[in-house]
Amino acid sequence: MKRRFNYTERKRITLDRITVSLTRRKGLVESFSASVKLEGLDLHDTAKVYLEAYHRTDSARYCFGTVGKLVVPDSAMLTDLAHLEDLSFRVLVVDEDEKRGLILASADGIRPKAEYEKRSILPLEIRDLG
C-alpha cells in the first residue's frame with residue numbers, strides 16, 4: 001500500500017468535477033471551454049482559481065475568478081501555445097490573501113473531452129502549408 005504525506009494540507013480536486021472541451025476551427029484547435037465545480041471542498045471563497053493548458057514545458061494560465069465567484073474568462077484562446085493537439089489541463093486553487101501563493105487544492109492531468117473515441121498512435125498535425 002502506498003502512503004503519501006500531505007504536509008501542505010493540499011486538497012485533491014477529483015476529475016469528475018472538471019470538464020474541458022476544445023473548440024476547433026477548420027480542423028485546428030482554437031480555444032477551449034471549461035466548467036469547474038468546487039462546492040463541498042471547504043475552500044476559502046476569496047481563493048483564486050486558475051486553469052492551465054500545457055504540453056510538456058509549454059503552458060498558458062487562465063484566471064477563472066475566485067472560489068466564491070467562478071468566472072469563465074473572455075479569452076480562452078490557445079494562441080500562445082505551440083503544440084495544440086495533445087494538450088492537458090490542470091486546475092489550481094491559490095490563496096492570495098493570507099499565505100500568498102499557497103496552493104490550497106489542485107487537479108492535474110485533465111484531458112479534454114474526447115470528440116471521438118479512437119486516437120492514433122501516431123498523431124498528425126494538420127496545418128496549411130501555403
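This is a predicted model: local features need pLDDT of at least 70, side-chain atom pairs count only at pLDDT 80 or more; totals for chains, interfaces and linings use all residues.
Biologist: How many residues does the largest nonpolar core have, and which have the most contacts inside it?

Modeller: Two or more residues of this core come from each of strand 2 (18-25), strand 3 (28-36), strand 4 (48-55), strand 5 (58-66), strand 6 and strand 7 (102-110). In soluble globular proteins, nonpolar side chains tend to be buried together. The core has 31 residues, and those with the most contacts inside it are I13, F32, L78, F89 and V93.

Biologist: What is the strand order of the open sheet of five strands?

Modeller: Strand 6 pairs with strand 4 in the antiparallel sense over seven bridges, with L51 standing opposite V91, and six bridges join strand 6 to strand 7, again antiparallel. Strand 4 also pairs with strand 5 in the antiparallel sense, over seven bridges, and in that pairing K48 stands opposite T66. Taken as a whole, the open sheet has mixed pairing and the order 1-7-6-4-5.

Biologist: Which strands stand at the edges of that sheet, and why is one side of each left without a neighbour?

Modeller: The order of the sheet is 1-7-6-4-5. Each edge strand has a single partner strand, so one side of each is left without a neighbour in the sheet, and these edge strands are strand 1 (11-12) and strand 5.

Biologist: Is D95 buried or exposed?

Modeller: D95 lies in strand 6 (residues 88-95), a strand that is mostly covered, with seven of its eight residues buried. Not counting residues up to four places away in sequence, D95 touches H44, R100, G101, L102 and L104. Because its relative accessibility is 5%, and buried means under 20%, D95 counts as buried.

Biologist: Which residue in the turn between strand 6 and strand 7 has a positive phi?

Modeller: Strand 6 and strand 7 form a hairpin with six residues between them. One residue in that turn, which is also among the contacts of D95, has a positive phi of about 90°, and that residue is G101.

Note on methods. Residues are numbered from 1 along each chain as its sequence is written. Side-chain values use heavy atoms; hydrogens and water are left out. Helices (H or I, at least four residues) and strands (E, at least two) are DSSP runs, numbered from the N terminus. Buried means under 20% relative accessible area, exposed over 50%, partly exposed in between (1.4 Å probe, protein chains only). Contact means heavy atoms within 4.5 Å. A nonpolar core is a set of buried Ala, Val, Leu, Ile, Met, Phe, Trp, Tyr and Cys residues joined through side-chain atoms within 4.5 Å. Two strands pair if DSSP finds at least two bridges between them.
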